[in-house]
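Dear colleague,

I am handing over the structure below, and after it you will find an account of what was found in it. Please read the two side by side.

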Amino acid sequence: MTGDRPVVRDDRVLRSTRLLSLFIAPFLLVAFVILYGFPGDTRRLWAWPIRPTMTAMVLAAAYLGGCYFFVRVLTERRWAAVKFGLVAVVVFSSSLGVVTVVHWDRFTHGSLAFWLWAGLYFTAPFLVAAAWVANRRYAAPASADEPRLGAVATSVVAAFGVLALVTGLTMVLAPSVVLPVWPWTLTALTCRVVGAVLCLGCAGLGVLVDARWTALRLMVQVEVVMVVLILVAAARAHAEFDPGRVLTWLMLVGFAGLLAGAGALWLAHERRSHRGWG
């Protein structure tokens, strides 16, 4: 009688995970092009009409960030580099799946875009979670000489993760609390969608269990992609913001600070490893 073959913990990214990434990435890219390129034409092109355009472009920013992440999964050699991103994707897609059910009557059911949306968010949480579980078996322990974030950087990244997750969950679960103070006009549906986007920031909480730069490096890149797109969107849709709301200015300063912090973190650690973005 022979026992099971021992699992080789070589930190590999499984082929099935790469294939899943290859499947998801094109949908995200197309969604980005529609929502960022034509944010005023969602009634015709999207799963439901989105107003104002800032909401559409925020969602688009998440899609291009996600597309970049999944493209990188195709070539990434180490599971440690993508594990927290997949957790964030599960939280994001699960939230949008629930939002779809709650606001079922608000969607344009006769459109192809709606059925692609529904199909993606009713299946992606389970597929991505299954990929995470399968890959977890091959996770390698961290070596002692791998670069890690310092205590201050770890605390700051984790704090931003908590802030993003708490804000996002509040928007998803209790939109009425957020609607009166949000910088631009939202409905209950769009409030929950933007909340799901903010929940992607929960990836930063991973530093509490693994503070290696390897585990955070790709997450910083995705963050920069998203934040730059959101700031550009804010400039494009500046007329949609309410300058009389304190949160308008807090949000703009916060995103600018987040971008600056990501740049400083990147420079500090990449100088040590002499590596680029590739």
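Does Cys 202 count as buried or exposed? At 10% relative accessibility, Cys 202 counts as buried, where buried means under 20% relative accessible area, exposed over 50%, and partly exposed in between, with a 1.4 Å probe and protein chains only.

Before going further, please note that this is a predicted model, in which local features need pLDDT of at least 70 and side-chain atom pairs count only at pLDDT 80 or more, while totals for chains, interfaces and linings use all residues. Residues are numbered from 1 along each chain as its sequence is written, and side-chain values use heavy atoms, with hydrogens and water left out.

To stay with the cysteines, the structure holds zero disulfides, a disulfide being a pair of cysteine sulfur atoms within 2.5 Å. Cys 202 is in no disulfide, and the nearest cysteine sulfur, that of Cys 199, is 6.8 Å away. For Cys 67 the closest cysteine sulfur is in Cys 202, at 20 Å, which is too far for a bond; Cys 67 is also buried, with a relative accessible area of 9%.

Next come two helices. Helices (H or I, at least four residues) and strands (E, at least two) are DSSP runs, numbered from the N terminus. The axes of helix α4 (residues 83-102) and α8 come within 8 Å and cross at roughly 170 degrees, where axes are lines fitted to C-alpha atoms, for helices over the stretch in contact, and angles run from 0 to 180 degrees between N-to-C directions. The two helices, α4 and α8, are therefore roughly antiparallel to each other, since angles under 35 degrees count as roughly parallel, over 145 as roughly antiparallel, 65 to 115 as roughly perpendicular and the rest as oblique. Residues of α4, including Val 91, Phe 92 and Val 99, meet residues of α8, among them Leu 189, Val 193 and Cys 199, contact meaning heavy atoms within 4.5 Å.

Leu 189 lies in helix α8 (residues 188-199) and, at 0% relative accessibility, counts as buried. Leaving aside neighbours within four places in sequence, Leu 189 is in contact with Trp 48, Val 99, His 103, Arg 106 and Phe 107.

Finally, His 269 lies in helix α10 (residues 246-273) and counts as buried at 6% relative accessibility. Leaving aside neighbours within four places in sequence, His 269 is in contact with Arg 148, Leu 149 and Trp 213.
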